[in-house]
Amino acid sequence: MIRLVSPATLRRLGILGMNGRNITYIGGNNPRRNYQLVDNKLLTKQAAIERSIAVPELYGVIDHQFQIDGMLEQLEGRSAFVIKPVQGSGGKGILVITARDGDRFIKSSGAVISAHDLRRHTSNILAGLHSLGGRNDFAMIEALIDFNPALAEYSYEGVPDIRVIVFRGVPVMAMMRCATHTSDGKANLHQGAVGVGIDIATGRSIAAVQKGSLVTHHPDTGACFKSLHLPDWEIILDLAASCAEMSGLGYLGADIVLDRQRGPMLLELNARPGLAIQVANQEGLVHRLRIAEEIAASAPDHDARIRLAKEHFHVPQGAAIAPP
Amino acid sequence: MIASRTKVGLVAGALILFGLGLTAYKVISLDLPLWPGESREVWTIESKISFKPTDGPVEVELQMPQALGGWVLLEEHFASSGFGFSVLEQPSGKIARWSRQTLEYPTTLYYKIQGYRAHQDDLPDLPVTESAPPLLEPDQDAAMERLVADLRERSSGALTFTSLLIQALTQPEPGQDAEFLLGTYRQTPVQVMLDVLAYAGIPAHTVRGIRLQDGRRRQTLSALLEVHDGEDWQLFDPETGASGLPDDFFIWQRGDGAVLRVMGGRDSRLEFALLSNSLPAKTVVSMEQRSDDFALLNFSIYALPVEQQGIFKGILLLPVAAFVVVLMRILVGIRTSGTFMPILIALAFLQTTLWVGLGIFLTLVSVGLWIRSWLSYLNLLLVARVSAVVIVVILLMAALALVSYKLGVDQALTVTFFPTVILAWTIERMSILWEEEGGREVLMQGGGSLLVAVLAYLVMSISVVEHLTFNFPELLVSLLGVILLVGKYTGYRLSELYRFRNMVNMK
């Protein structure tokens, strides 16, 4: 028998549904004309650099089919890099190369692919296979994050990233997504990655969830999520809030990674951030979004919004992390 | 935000009320039944006369059908722009005549009738006229004599004679004399039969008419044989030998003589487009009473030409299918591969029937996926690869049709109704999905699409739905209103009640 929750319960818990997100938050707060900046990762990068927001280094852009033949020369001397579609969505089409051996490339999962496979993947990106609406696209090659070793134990074969939902410039909810063996090194929760809810006030973990159930330890590395405390949390919040100002979107998700040398960096922005963050935090978004609305109305200043958010959204640690 | 909600609410409310109001008006004032009750099979027959003009004045005469065998004609309509037009009463029936002084371009004239068979009547009596024996070459005459003598020997009267004659002339290997006659006559077998009957002194003539097939576009006249056995006239089908008036035969002209005469033109052709509608009995009766100016007929789909009516029959069902997709995606939250792909699949199911359709779809997609996995080694550009898949799908369809036809499974021939390009894209998307997210996601989305397609098919094949959309197209305005409302639904999807089920345990 499939167990369902009643809509009344979900409403009481303040869970945001897909329709509510689309109409009330995305439709009402994100003007269409500002999507371009977010959906196009090259534009995001340029805008971020202009505002001196840290981003991974861009190695090159491939915008024509004929450039694919010469792409290996372009990558001469680079052994770790990421190829992604400029207008991709939902993490589709991102190829992570962690090491190379001549013309053989090693993916984050350890699988070895040939230069031929690399070219085919790039060609697919240009044809728009992974892109919104299937239109023609460009491929961008950027530096692989050398991620902070403090977080290494929380991720298996992939870069852990931090998603912060920002509503009208107020950071509302955050989670860290940790790749697992089942998620094939990808940080997508529906593919089996672990989502760790993060306290907005402190950067400490609140709860960890894999495939909808609470977990305490990483299934592959065995690391305990309870002791997770994100470094540079202040900078992360500041960066996320700046992204809201930069993009002109009222409701967005900022994906941030922690680099060993350069600290928090903006990976990409998302105008339609998913709902799984509620499961990772074991809390609904709706109540927080209402409070954020009031904060945004009363505090026009960037720092004041972050301060008020930390005050209002503090969650005492430890309550939810033990399985019931 | 609130303002936009109210606006949508008002617009949607107005649309819903408008559609329902118009429907109520039609039901109450015009007496159109809301539910498909007892119905009549009303046929719309559109005759198309096309010809190329030669020099001089043009005159076209078309013998108009008499309503025989219990048929009732509800409406007649002529299209004759630029032509003088008149209807002549003649002893043999009414004749429509179009005339014009000069004409330069190939032209098409239309004559449309609507009718239904109210009773299964016999044909009225007709005076017997002796037909003159045919003029024949000596060798034909000898063959005819032998054939008639042989048939007389084996028959007991005019009727068995005719049956045996039809059998003798239509069997795959006719006898020597029959074969000789068929070979030397430069006419149809029916003409040979008429001459044999005349030679034997049996009164006979042809009855020309149309074989009624729903949706046929270019039907031509066919003929029956009518033979007098001394007491009554009896009809025979010259192809099968069956006696009596076939149910699907609409009599156009009884007796010999031309149906169409074109003077001042050449290459003239007479073709018929046919469409059958199941109309409520009450409507048919009121159409019969006021067949000249029937308001309902003039302001409904029925006023359109036959071909368009047939197309609209299908098109008017599309919004219902779209509504199913809207409900399944917004209220239930089923993921499908491609937003409206399920509708196209459901339309194909309407033609193929459900189980055959499902079988064909699954076969095509799974074989397509298998071949596509091989294509992915070739490292092709996307557009070329999808085009290659399109061709593969077409070849698969041809192979499926051929193999099943040879095996005697005719149903699989309906494979042609599947939208090729959509299938190719489905295969392409699923194959990418497989590579990126694994087989489970493919099953989820593929299964979701199929489920929605089957539901849309089931809804579209409800006879009430077809009746309502075709007879009350204004209900689609109401449907539009409902869809606008659903588009503003901010509540939870059914799938979310499952997705967030574990959240209840929190804090």
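How does the radius of gyration of chain A, with 324 residues, sit beside that of a compact globule? The two agree: a compact globule with 324 residues would have a radius of gyration near 20 Å, and chain A has 20 Å. Please keep in mind that this is a predicted model. Chain B tells another story, being more spread out than a compact globule.

- Chain A contains 10 helices and 13 strands.
- Taken along the principal axes, the C-alpha atoms of chain A fill a box of roughly 55 × 45 × 45 Å.
- In chain B you will find 17 helices and 12 strands. The globule rule gives 23 Å for the 507 residues of chain B, but the radius of gyration is 30 Å, well over that value, so chain B is more spread out than a compact globule.
- The C-alpha trace of chain B spans about 105 × 60 × 50 Å along its principal axes.

**Where the chains touch**

- On one side of the contact between the chains are 33 residues of chain A, and on the other are 27 residues of chain B.
- Three elements of chain A give two or more residues to the side that touches chain B: α1 (7-13), α2 (18-29) and α6 (115-126). Of these, α2(A) gives the most, with six residues.
- Sorted by class, the side of chain A that touches chain B has 15 nonpolar, 14 polar and four charged residues.

**A helix pair in chain A**

- Helix α7 (residues 233-247) of chain A and helix α10 (residues 302-312) of chain A cross at roughly 125 degrees, and their axes come within 10 Å. That angle makes α7(A) oblique to α10(A).
- The crossing of α7(A) and α10(A) is right-handed.
- From α7(A), the residues A:L237, A:D238 and A:A241 meet A:H302, A:R305 and A:I306 of α10(A). This contact of α7(A) with α10(A) has three nonpolar, one polar and two charged residues.

**Two helix pairs in chain B**

- Helix α9 (residues 318-332) of chain B packs with helix α16 (residues 475-486) of chain B at an angle of about 15 degrees, and their axes are 11 Å apart. With that angle, α9(B) is roughly parallel to α16(B).
- Where α9(B) passes α16(B), the crossing is left-handed. The contact brings together B:P319, B:F323, B:V326, B:L327 and B:I330 of α9(B) with B:L476, B:L479, B:I483 and B:V486 of α16(B).
- By class, the contact of α9(B) with α16(B) has nine nonpolar residues, no polar ones and no charged ones.
- Helix α10 (residues 341-352) of chain B and helix α14 (residues 439-460) of chain B have axes 8 Å apart and pack at an angle of about 50 degrees. α10(B) and α14(B) are therefore oblique to each other.
- α10(B) passes α14(B) in a right-handed crossing. Residues in this contact include B:I343, B:F349 and B:L350 of α10(B), along with B:V452, B:Y457 and B:M460 of α14(B).
- The contact of α10(B) with α14(B) divides into 12 nonpolar residues, one polar residue and no charged residues.

**Two open sheets in chain B**

- One open sheet has four strands in the order β9-β8-β7-β10 (chain B), with antiparallel pairing. Its edge strands are β9 (233-236) and β10 (249-254) of chain B, each of which pairs on one side only. From one strand to the next, the twist averages 35 degrees.
- Within that sheet, strand β7 (residues 204-211) of chain B pairs with β10(B) in the antiparallel sense over five bridges. B:R211 has B:F249 in β10(B) as its bridge partner.
- Helix α3 (residues 158-170) of chain B packs on this sheet, touching β8 (222-228) and β9 of chain B, and its direction makes about 150 degrees with that of β8(B).
- Another open sheet of four strands runs in the order β4-β5-β2-β11 (chain B), again with antiparallel pairing. Here β4 (84-90) and β11 (260-263) of chain B each have a single partner strand, so one side of each is left without a neighbour in the sheet. The twist from one strand to the next averages 15 degrees.
- β4(B) and strand β5 (residues 93-100) of chain B run antiparallel and are joined by seven bridges. One bridge partner pair is B:V87 with B:A96 in β5(B).

Notes: Residues are numbered from 1 along each chain as its sequence is written. Chains are lettered from A and ligands numbered from 1 in the order in which they are written. This is a predicted model: local features need pLDDT of at least 70, side-chain atom pairs count only at pLDDT 80 or more; totals for chains, interfaces and linings use all residues. Two residues are in contact if their C-beta atoms, placed from the backbone, lie within 7 Å. Ala, Val, Leu, Ile, Met, Phe, Trp, Tyr, Cys and Pro count as nonpolar, Asp, Glu, Lys and Arg as charged, and the others, Gly among them, as polar. Axes are lines fitted to C-alpha atoms, for helices over the stretch in contact, and angles run from 0 to 180 degrees between N-to-C directions. Angles under 35 degrees count as roughly parallel, over 145 as roughly antiparallel, 65 to 115 as roughly perpendicular and the rest as oblique. A crossing is left-handed if the near helix is turned anticlockwise from the far one by less than a right angle, and right-handed if clockwise. Two strands pair if DSSP finds at least two bridges between them. The radius of gyration is taken over C-alpha atoms; the globule rule is 2.2 Å times the number of residues to the power 0.38.
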